[in-house]
Amino acid sequence: MIITQINGGLGNQMFQYAAGRALALRHGVELALDTRVFDGGTQFGFGLGHFAHAARQGLAAEMPPERRQNRLRYLIWRGLRLKPHLFRENGLSYNTGFDDLEDGVYLKGYWQSERYFKAIEATIRDDFRIVTAPSPENAALLSELAQMPTISLHIRRGDYVNNSRTNATHGTCTLEYYARAVELIAGKMTEKPVIFTFSDDPAWVRENLVLPYEMRVMEHNDSDHNYEDLRLMSACRHHIIANSSFSWWGAWLNPSPDKIVVSPARWFADPQMINDDIWPDSWVRLT
């Protein structure tokens, strides 16, 4: 059995699941999810329940001890290297040691690279089918999107702006980046694009983002329905993402081989944080 710790926002949870799923399939064993972090104080909720994923909830008896709950048991588990064996992500880029992992591993990290699961891409796409039915409004939008030359554009603000520590780590994409990205994609399209914008601050988008194309601001889905936005994003023809795992997945889940995905060339504001493997090879990195 492989156990993967699930924490953070929906995009992070999807990376953590995908890496664990790839390792579990390699060994022909089941995948269990450690979701105990959501039992405490966190700004995020467990979001994978809306997908057709193939993991089960980890049982208490299978989980390693939590340091915050029982420090002694935790130290014994670590010191004696008891099962499940901890494999903690070392650096943000692809960890080559992942290739050599055996069964009975507890994964702790973010695993933000498709290199962890590229070999089972079709399986991950199937696992991340959203099984929760869309609301009538979202269903109508999905029908529209299928007929329109659309570009999804994601602007991440929230804690990236309001939390000084988070801002120093991640930073935000500039309006110039979005304008250049739109022109890059529009220049390759035969029709004028319709820009569908997604953001945790739609009012700011309305007031600040000015583009020479039709723009529709999506603001009807709250944070409890972020999977609805993810589904809408992936239904667009092309994508402009933020330095955000959420819009990363919105773009990745579009299966079209003809899609254009534009991403910021700098993923982190903190120069000490580097993940050279965050970008799939076909994506355009724009400064």
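Start with the open sheet: select its six strands, which run in the order β8-β7-β6-β9-β10-β11 with parallel pairing. Strands here are DSSP runs of E with at least two residues, helices are runs of H or I with at least four, and both are numbered from the N terminus; two strands pair if DSSP finds at least two bridges between them. This is a predicted model, where local features need pLDDT of at least 70, side-chain atom pairs count only at pLDDT 80 or more, and totals for chains, interfaces and linings use all residues. Residues are numbered from 1 along each chain as its sequence is written, and side-chain values use heavy atoms, leaving out hydrogens and water.

Now colour β8 (214-218) and β11 (284-286): they stand at the edges with a single partner strand each, so one side of each has no neighbour in the sheet. From one strand to the next, the twist averages 25°.

Next, zoom in on β10 (residues 261-264), which pairs with β11 in the parallel sense over three bridges. Look for Ser 263, standing opposite Arg 285 in β11.

Then show helix α7 (residues 175-186), which packs on the sheet and touches β6, β7 (194-199), β9 (238-240), β10 and β11. Contact means heavy atoms within 4.5 Å. The direction of α7 makes about 160° with that of β9; axes are lines fitted to C-alpha atoms, for helices over the stretch in contact, and angles run from 0 to 180 degrees between N-to-C directions.

Last stop: select Arg 157, in the loop between β6 (150-155) and α5 (159-162). Arg 157 has a relative accessible area of 16%, so it counts as buried (under 20%, 1.4 Å probe, protein chains only). Leaving aside residues up to four places away in sequence, Arg 157 touches Asp 200, Asp 201 and Trp 204.

Terms used:
Buried means under 20% relative accessible area, exposed over 50%, partly exposed in between (1.4 Å probe, protein chains only).
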